[in-house]
Amino acid sequence: SYLYIKSYSKDKIQTSYEQLEILIPLFNELEIKKKIPHTRGYAASPDYLFEIKNIIKKEKPKLILEAGSGVSTLISAYSLKKYGEGQIISLDHEKLYADKTTIELKKHNLEKYANILYAPLKKYDNDLLWYDTDDALQGLDLIDLFIIDGPPKNSSKNARFPVLPLMFNKMKIGTIIILDDARRKSEQDTVLLWKQKYDCFDYQYIDNDKGLIIMKKIN
């Protein structure tokens, strides 16, 4: 205990406790009985997962598209199981992680609510680098909720910017976008670029563990 206290600042310890205080009621509400993958670090933080649950509970989306699979996929599937009848389709450019998330979904008996698609990154027009969705998303209905936690920031400059140029036509009035890691400069730059190019979204910033932007298509 002494070494832990010496290694971490008081603020970091306090933040860890605050995240744990969010995770426990989240587990209770969604009736999660089995262990889930680690949160925080490179993975989703509990306060981010809690916001996802809240939005699914309120909006009851029929179709959720997710960029970057992981613990957020599980929480989304649990939320759909309890509060709606929709499905989440999650894209992952790393087959290892796509397979890991698929295994976790099976452990939790959530295959009915989630589908993981291995989609390597590819170059589109204007040098945009994003998931290869040409075949995977053919015939896809319009998206109700878009959860963005990928690709990783080191894959390209402003790695999450291509979402709107490439997927705008899959969004309808009322589509909600959740952008994680919004405290990072790359995500802040991305949002500025979006605002310059698209005037049809409302933007709300939430100052949580990693920063969160919630967007809604209004026209």
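Me: Where does Glu 31 lie?
Reply: Glu 31 is in the loop between α2 and α3, where helices (H or I, at least four residues) and strands (E, at least two) are DSSP runs numbered from the N terminus. The model is predicted, so to speak of local features requires pLDDT of at least 70 and side-chain atom pairs count only at pLDDT 80 or more, while totals for chains, interfaces and linings use all residues. Residues are numbered from 1 along each chain as its sequence is written, and side-chain values use heavy atoms, with hydrogens and water left out.

Me: And what is phi at Glu 31?
Reply: Phi of Glu 31 is near 55°, a positive value in a residue other than glycine. Most residues other than glycine have a negative phi.

Me: Which residues does Phe 27 touch?
Reply: Phe 27, which sits in helix α2 (residues 10-30), touches Ile 32, Lys 34 and Ile 36 if residues up to four places away in sequence are not counted, contact meaning heavy atoms within 4.5 Å. Phe 27 and Phe 50 are 23 residues apart in sequence, with 9.8 Å between them in space, C-alpha to C-alpha.

Me: Switching to helix packing, at what angle do α3 and α4 cross?
Reply: Helix α3 (residues 46-59) and helix α4 (residues 71-83) cross at roughly 30°, and their axes come within 9 Å; axes are lines fitted to C-alpha atoms over the stretch in contact, with angles from 0 to 180 degrees between N-to-C directions. That makes α3 roughly parallel to α4, since angles under 35 degrees count as roughly parallel, over 145 as roughly antiparallel, 65 to 115 as roughly perpendicular and the rest as oblique.

Me: Which residues of α3 and α4 meet?
Reply: From α3, Tyr 48, Leu 49, Ile 52, Lys 53, Ile 56 and Lys 57 meet Val 71, Ser 72, Ile 75, Ser 76, Ser 79, Leu 80 and Tyr 83 in α4. The residues of this contact divide into eight nonpolar, three polar and two charged, where Ala, Val, Leu, Ile, Met, Phe, Trp, Tyr, Cys and Pro count as nonpolar, Asp, Glu, Lys and Arg as charged, and the others, Gly among them, as polar.

Me: How do α4 and α5 pack?
Reply: α4 and helix α5 (residues 95-107) pack at an angle of about 35°, and their axes are 9 Å apart. Thr 73, Leu 74 and Ala 77 of α4 make the contact with Thr 101, Glu 104 and Leu 105 of α5, which gives three nonpolar, two polar and one charged residues by class.

Me: Last one, which residues does a cis peptide bond join?
Reply: Gly 150 and Pro 151 are joined by a cis peptide bond with omega about 0°, and Pro 151 is found in the loop between β6 (143-148) and α6 (163-167).
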